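Here's a quick briefing to read alongside the model. Have the viewer open and click through as you go.

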Amino acid sequence: MAEANKRNIPIKLGDFSVIDTEFSNIRERFDSEMRKMEEEMAKFRHELMNREANFFESTSSTTNSALPSRIPKQQNLVSDISSPLIQDEGDSKVLKLRFDVSQYAPEEIVVKTVDQKLLVHAKHEEKSDTKSVYREYNREFLLPKGVNPESIRSSLSKDGVLTVDAPLPALTAGETLIPIAHK
C-alpha cells in the first residue's frame, strides 16, 4: 500500500446529540417512507396487470416482433439514487455514515482513507492489578468512485456517535447518442 494514498481525517468534537437531532422527526420520516413504498407497490401492481393483459393479447399472434415491446424500458438509476446513507444537502448529495463508538474516548478513535476505502478504527486498553480490558472496533467502507478524500469530514457527538460526511460527485445523467457504423 502506497503511503501517498493514505489520509487521516480529523474528528471534530461537538456538544450535540445525534439522538436529539436525528430521531426527533422519526415518525414523519417513517410515514413518508411508507407512503413511498405504497405508491411503488401500486405502480408495480398496475404495470404487472398491464403486462399480463398485453401478454395474453399478443399470444394469439406469436411473432418475434411482439417480444421487444414487452421488454420494459430501462430506468435511469443514476439520477434516482435512493439510499438511507445518501442525503440531499442543498443541490448536492452527501454520503452520511454513522458509527457507534460510545465505548471509546475521542483520542482512541482514528478515521482515515486508504485508496477508495474509509477506515474507522478504535482501540481501548485498560489494565489494573485485578482486571484487564481490551476492546477494538474496526469498520471498512468502500467509497463510491469520484469521492474526494480531502472533502470528507467527521464529527463525534457527545453521546458517542461518529458521523462521517463524504460529498458525492455530481452525477451526469444526460442522454448520449451512440453512432451506428454502417458497413
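A contact here means heavy atoms within 4.5 Å. By that count, and leaving aside neighbours within four places in sequence, Ile109 is in contact with Ile11, Val101, Tyr104, His121, Ala122, Leu156 and Leu162. Keep in mind that this is a predicted model. The chain has three helices and nine strands, and 21% of its 183 residues count as buried.

**Overall layout**
- Take the contacts in the chain with a separation of 6 or more: 60% of them come from residues 24 or more positions apart.

**The nonpolar core**
- The largest nonpolar core has 20 residues, and the ones touching the most other members are Phe99, Val101, Ile109, Val111, Leu118, Leu162 and Val164.
- Strands E4 (92-100), E5, E6 and E9 (161-167) are the elements that give two or more residues to this core.

**E9 and its partners**
- Why call E9 largely enclosed by the rest of the structure? Because five of its seven residues are buried.
- E4 runs antiparallel to E9, with seven bridges joining the two.
- On the other pairing, E8 (residues 153-156) meets E9 through four bridges, again in the antiparallel sense.
- Thr163 is a handy spot to look at: Arg98 stands opposite Thr163 in E9, and Ser155 stands opposite Thr163 as well.
- The hairpin of E8 and E9 has four residues between the strands, and Gly160 in that hairpin takes a positive phi near 85°.

**The E6-E7 hairpin**
- E6 (residues 117-127) and E7 (residues 132-142) run antiparallel and are joined by 11 bridges.
- The hairpin gets from E6 to E7 through four residues.
- To find one of the facing pairs, look for Lys117, which stands opposite Leu142 in E7.

**Asp115, a phi worth a click**
- Most residues other than glycine have a negative phi.
- Asp115 isn't a glycine, yet has a positive phi of about 55°.
- You'll find Asp115 in the loop between E5 (109-114) and E6.
- Is Asp115 buried, partly exposed or exposed? Asp115 counts as partly exposed, because its relative accessibility is 40% and that class covers values between 20% and 50%.

**Arg7, a buried arginine**
- Arg7 is in strand E1 (residues 6-9).
- With a relative accessible area of 17%, Arg7 is buried, because the cut-off for that label is under 20%.
- Which residues does Arg7 touch, leaving aside its neighbours within four places in sequence? Arg7 is in contact with Val111, Lys112, Thr113, Pro149, Glu150, Ile152 and Arg153.
- For Pro149 there's a polar detail as well: its backbone oxygen lies 2.8 Å from a polar atom of the Arg7 side chain.
- Arg7 and Asp115 are 108 residues apart in sequence, while their C-alpha atoms are 8.8 Å apart in space.

**Rings and charges**
- The charged end of Arg139 sits over the ring of Tyr137, 4.4 Å from its centre.
- As for ring-ring pairs, the structure holds one aromatic pair.

Technical notes:
Residues numbered from 1 in each chain as written. Predicted model: local features only at pLDDT ≥ 70, side-chain atom pairs only at ≥ 80, totals over all residues. Heavy atoms only, no water. Pairing = 2+ DSSP bridges. Buried < 20%, exposed > 50% of the residue type's maximum accessible area, 1.4 Å probe, protein only. Polar contact = N/O pair within 3.5 Å; in protein donor to acceptor, adjacent residues only side chain to side chain. Core = buried A, V, L, I, M, F, W, Y, C linked by side-chain atoms within 4.5 Å. Phe/Tyr/Trp six-rings, centres within 6.5 Å; stacked < 30°, edge-to-face > 60°. Lys NZ or Arg CZ within 6 Å of the ring centre and 35° of its normal.
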